[in-house]
Amino acid sequence: MPENDASRVTRFDGHGRQHVVRVRRAGVQRTISCDTCGWRQGAQFLPWLKAERHLAEAHRATVDPPGSDAGEGGGRASR
Ligand SMILES: [Zn+2]
């Protein structure tokens, strides 16, 4: 289950590179944008699933980061 309060989705690819998709809320709509390639898409619900799919399909980044980084953003306290 994706975290409801996450503001970004971070994954690593097979080369150990980090890819980040940000989730921004604008009213009921959410906009997700990829830092790596500039891809953007609107999503009304489950934006994190779309973000994960983009990371997997576009960047082959499917590896969950080991231990959530509490340094930046800090939106992942619920795990
Ligand atoms: Zn991308």
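Predicted model: local features only at pLDDT ≥ 70, side-chain atom pairs only at ≥ 80, totals over all residues.
Start by selecting residues 47–59, which make up helix α1. At 1.5 Å a residue, its 13 residues should span 18 Å, and the end C-alpha atoms are 17 Å apart, which agrees.

Now colour Pro47, Trp48, Ala51, His54, Leu55 and His59: these residues of α1 are buried. Look down the helix axis and you'll find the buried residues within an arc of 120°, so they line one face of α1. An α-helix has 3.6 residues a turn, so residues three or four places apart point the same way.

Step just past the end of α1 to Arg60, where phi is positive, about 55°.

Next, show the strands. Five of them form an open, antiparallel sheet in the order β4-β3-β2-β1-β5. At the edges are β4 and β5, each pairing on one side only. Neighbouring strands are turned by 35° against each other on average, direction ignored. Helix α1 packs on this sheet, touching β1, β2, β3, β4 and β5, and its direction makes about 150° with that of β2.

Zoom in on β1 and β5, which run antiparallel and are joined by two bridges. Pick Phe12 and you'll see that its bridge partner in β5 is Val63.

Last stop: His15, in the loop between β1 (8–13) and β2 (18–26). His15 counts as exposed because it has 8 C-beta neighbours inside 10 Å.

Methods:
Residues numbered from 1 in each chain as written. Helix = DSSP H or I, 4+ residues; strand = E, 2+ residues; numbered from the N terminus. Buried ≥ 20, exposed ≤ 12 C-beta atoms within 10 Å, placed from the backbone. Expected span 1.5 Å × (residues − 1). Arc of directions from axis to C-beta. Pairing = 2+ DSSP bridges. Axes fitted to C-alpha atoms, helices over the stretch in contact; angles between N-to-C directions. Contact = placed C-beta atoms within 7 Å.
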